[in-house]
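Here is a short briefing on one protein chain. Take a look at the structure, then work through the points below.

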Amino acid sequence: MVRFADKDHHLLFVEPDGVNTSELYLQGLSSSMPPHIQDEMIRTLPGFERAMIHRYAYAVEYDAIDPAQLDVTLMSRRLAGLFSAGQINGTSGYEEAAAQGFVAGVNAARHAAGMERVTVRRDQGYIGVMLDDLVRWGIEEPYRMLTSRNEYRLLHRQDNANERLMTLGHAWGTVDAAALARQQRSEERVRREVERLGRVRHQGDLAATMLVRPGADYAGVTALVGPAAEPLSREEVAKVETLIRYAAYIERARKQLEGRAAYERMSLAGVDFDRVPSLSKEGAEALKRAKPSSLGAAQRLRGVRDSDVTALLVHLKTRAGRAGVGAGGMAAGEAAAPAEP
């Protein structure tokens, strides 16, 4: 009722449930109200005055621990050897539970064998983002692993999951050497083909440029410039197309992440969040509650939007300007806050 009190509107999306059904899903209007109240709510919307609800919204209540009591290997900070995974950690969803179960299971086995525990870092994949969010900040509501939570989302794609994580799996003992070798050979074929298409030309045009054009595909382009030295699988072809077509976006994402690394050195010491212009109400509450030491740590808080990070950045630069700051971004005698782990 109060979450969006600082907004004068809230978007709802009417989504078809499937090709072979006339049912529609109203995205953005979650509810656990009694059915007759849901009927009344829906019919207040323009165009929905006679809408019929086929399946009423509902909520599931369950007990959960505070995941901040765990470390990123999902072992309890209070009781060594106790690992926890799934909804008991405050998450919601099958994929979230399965990912935690894998990490907790691997680490339970390694701990029992006297081996070092392992984890996925935030910059390595969605599992790492979820673990970092859960254990660093805890939860106030059921956690879902949304793409919007992942600042690395253009780099964490399903087509490069093996490339990112198979070496890690091999180090953990969950991927055998033969599978890793096959993956590495595949990566090399893709790398060589991307480089080749960036060199060869047809009638003056680079093959890579031709592939980016609307309607073009790998088969059509290689029919003109010649095939790869070694045949590519369908998955490898798709990866080549993705890397070439979205090269500019992927490179921009990498540069943005490199720029964000500087946020870890920008101290929030002494910042009164209530006095930061343009900071959302939800963002200000999250910041006051967590008291992050740096802009980088603030950026990873749930409830802190990109616009809030921009507002903080402007505020810090304005404050630094008033204090007479050099190019390094720190006033004389001001020490950078240590980076969050």
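**A buried serine in a loop**

At 11% relative accessibility, Ser76 counts as buried, because the cut-off for buried is under 20%. The model is predicted.

**Ser76 and its surroundings**
- Ser76 sits in the loop between helix 1 (35–42) and helix 2 (94–112).
- The Ser76 side chain reaches the backbone nitrogen of Arg78 at 3.0 Å.
- That side chain also reaches the backbone nitrogen of Leu79, at 3.0 Å.
- Neighbours within four places in sequence aside, Ser76 is in contact with Gln69, Leu70 and Leu82.

**Helix 5**
- Helix 5 has 21 residues. From first C-alpha to last, helix 5 reaches 30 Å, close to the 30 Å expected at 1.5 Å a residue.
- Asp176 caps the N-terminal end of helix 5. One of its side-chain oxygens lies 3.2 Å from the backbone nitrogen of Ala178.
- The buried residues of helix 5 include Ala179, Leu180, Val190 and Leu197.
- At 44% relative accessibility, Gln184 counts as partly exposed.
- Gln184 and Leu211 are 27 residues apart along the chain, and their C-alpha atoms are separated by 25 Å.

**Helix 8**
- Helix 8 (residues 234–245) has 12 residues. Its first and last C-alpha atoms span 16 Å, close to the 16 Å expected at 1.5 Å a residue.
- Its buried residues are Glu236, Val237, Lys239, Val240, Glu241 and Ile244.
- The buried residues of helix 8 pack against helix 4 (161–172), helix 5 (177–197), helix 6 (207–212), helix 7 (218–225) and helix 9 (247–260).

- The largest nonpolar core has 19 residues. Those with the most contacts inside it are Phe273, Leu279, Leu287, Leu295 and Leu312.
- Helix 10 (281–290), helix 11 (295–299) and helix 12 (306–323) each supply at least two residues of this core.
- Which helix gives the largest share of this core? Helix 12 does, with 5 residues.
- Leaving aside neighbours within four places in sequence, Leu279 is in contact with Phe273, Ala284, Leu287, Asp308, Ala311 and Leu312.
- Another core, of 14 residues, lies apart from the largest one. Among its residues are Val190, Leu197, Ala207 and Leu211.

Methods. Residues are numbered from 1 along each chain as its sequence is written. This is a predicted model: local features need pLDDT of at least 70, side-chain atom pairs count only at pLDDT 80 or more; totals for chains, interfaces and linings use all residues. Side-chain values use heavy atoms; hydrogens and water are left out. Helices (H or I, at least four residues) and strands (E, at least two) are DSSP runs, numbered from the N terminus. The expected span of a helix is 1.5 Å times one less than its number of residues. Buried means under 20% relative accessible area, exposed over 50%, partly exposed in between (1.4 Å probe, protein chains only). Contact means heavy atoms within 4.5 Å. A polar contact is a pair of N or O atoms within 3.5 Å; within protein, one must be able to donate a hydrogen and the other to accept it, and residues adjacent in sequence count only if both atoms are side-chain atoms. A nonpolar core is a set of buried Ala, Val, Leu, Ile, Met, Phe, Trp, Tyr and Cys residues joined through side-chain atoms within 4.5 Å.
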